[in-house]
Amino acid sequence: MGQNGCFSRKTPIRLSMEGSKVSEATWDMALSKERLSEEANKMRAEGNHLLFTHLAGGNHRATWFVAYGIEGVQDWLFEQHR
């Protein structure tokens, strides 16, 4: 865990080293919701269970408003189950 209990950029590397298949990307949060959804769908198409994204251009609080408005992220979230 990184500062304030948040995941650090090292997390995807560590998970990969432990055998997990991780998709990782950095997106500019100024992109349109449609473009961000396309990027999310590309990650989902890779077939990896763990999707680790970084939204550049904002702080932790600001990125939540963007992240939860991305349709591809919403689709991925609601596909999750035990």
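A salt bridge is taken here as a side-chain nitrogen of Lys or Arg within 4 Å of a carboxyl oxygen of Asp or Glu, and in this predicted model the side chains of Glu39 and Arg35 meet that description with an N to O distance of 3.3 Å. The structure holds four salt bridges, and several of the features described below involve helix α2, which covers residues 33-45. The protein as a whole has four helices and two strands, arranged from the N terminus on in the order α-β-α-β-α-α.

**Overall composition**

- Of the 82 residues of the protein, 24% count as buried.
- Among the contacts in the protein with a separation of 6 or more, 67% are between residues 24 or more positions apart.

**Salt bridges**

- Glu39 and Arg35 both belong to helix α2, where they stand four residues apart, about one turn of the helix. An α-helix has 3.6 residues a turn, so residues three or four places apart point the same way.
- Arg44 forms a salt bridge with Asp75, in which the closest N and O atoms are 3.8 Å apart. Because Arg44 lies in helix α2 and Asp75 in helix α4 (residues 71-79), this pair ties together parts that are 31 residues apart in sequence.
- Arg44 forms a salt bridge with Glu79 as well, and here the closest N and O atoms are 2.3 Å apart. This pair likewise links distant parts of the chain, with Glu79 in helix α4 and Arg44 in helix α2, 35 residues apart.
- Arg44 is partly exposed, with a relative accessible area of 24%; Asp75 is partly exposed at 31% relative accessibility, and Glu79 is partly exposed at 41%.

**Helix α2: geometry and faces**

- At 1.5 Å a residue, the 13 residues of α2 should span 18 Å, and the end C-alpha atoms of the helix are 18 Å apart, which agrees with that expectation.
- Leu36, Ser37, Glu39, Ala40 and Met43 are the buried residues named for α2. Seen down the axis of α2, the buried residues fall within an arc of 160°, so they line one face of the helix.
- On the other side of α2, Glu34, Lys42 and Ala45 are exposed.
- The buried residues of α2 pack against strands β1 and β2 (50-56) and against helices α3 (60-67) and α4.
- After α2 comes Gly47, whose phi is positive, near 85°.

**The largest nonpolar core**

- Nine residues make up the largest nonpolar core, namely Ala25, Trp27, Met29, Leu36, Ala40, Met43, Leu55, Val66 and Ile70.
- β1 and α2 each supply at least two residues of this core, and the largest share, three residues, comes from α2.
- In soluble globular proteins, nonpolar side chains tend to be buried together.
- When residues up to four places away in sequence are not counted, Ala25, one of the core residues, touches Met43, Phe52, Thr53 and His54.

- Val22 has its place in strand β1 (residues 22-28), and at 18% relative accessibility Val22 counts as buried, because buried means under 20% relative accessible area.
- Although Val22 and Gly47 are 25 residues apart in sequence, their C-alpha atoms are 9.3 Å apart in space.
- Ser23 also lies in strand β1, and at 1% relative accessibility Ser23 counts as buried.
- The side chain of Ser23 makes a polar contact of 2.9 Å with the side chain of Asn48.
- Leaving aside neighbours within four places in sequence, Ser23 is in contact with Met43, Glu46, Asn48, Leu50, Leu51 and Phe52.

Definitions and conventions: Residues are numbered from 1 along each chain as its sequence is written. This is a predicted model: local features need pLDDT of at least 70, side-chain atom pairs count only at pLDDT 80 or more; totals for chains, interfaces and linings use all residues. Side-chain values use heavy atoms; hydrogens and water are left out. Buried means under 20% relative accessible area, exposed over 50%, partly exposed in between (1.4 Å probe, protein chains only). The expected span of a helix is 1.5 Å times one less than its number of residues. The arc is that of the directions from the helix axis to the C-beta atoms. Contact means heavy atoms within 4.5 Å. A nonpolar core is a set of buried Ala, Val, Leu, Ile, Met, Phe, Trp, Tyr and Cys residues joined through side-chain atoms within 4.5 Å. A polar contact is a pair of N or O atoms within 3.5 Å; within protein, one must be able to donate a hydrogen and the other to accept it, and residues adjacent in sequence count only if both atoms are side-chain atoms.
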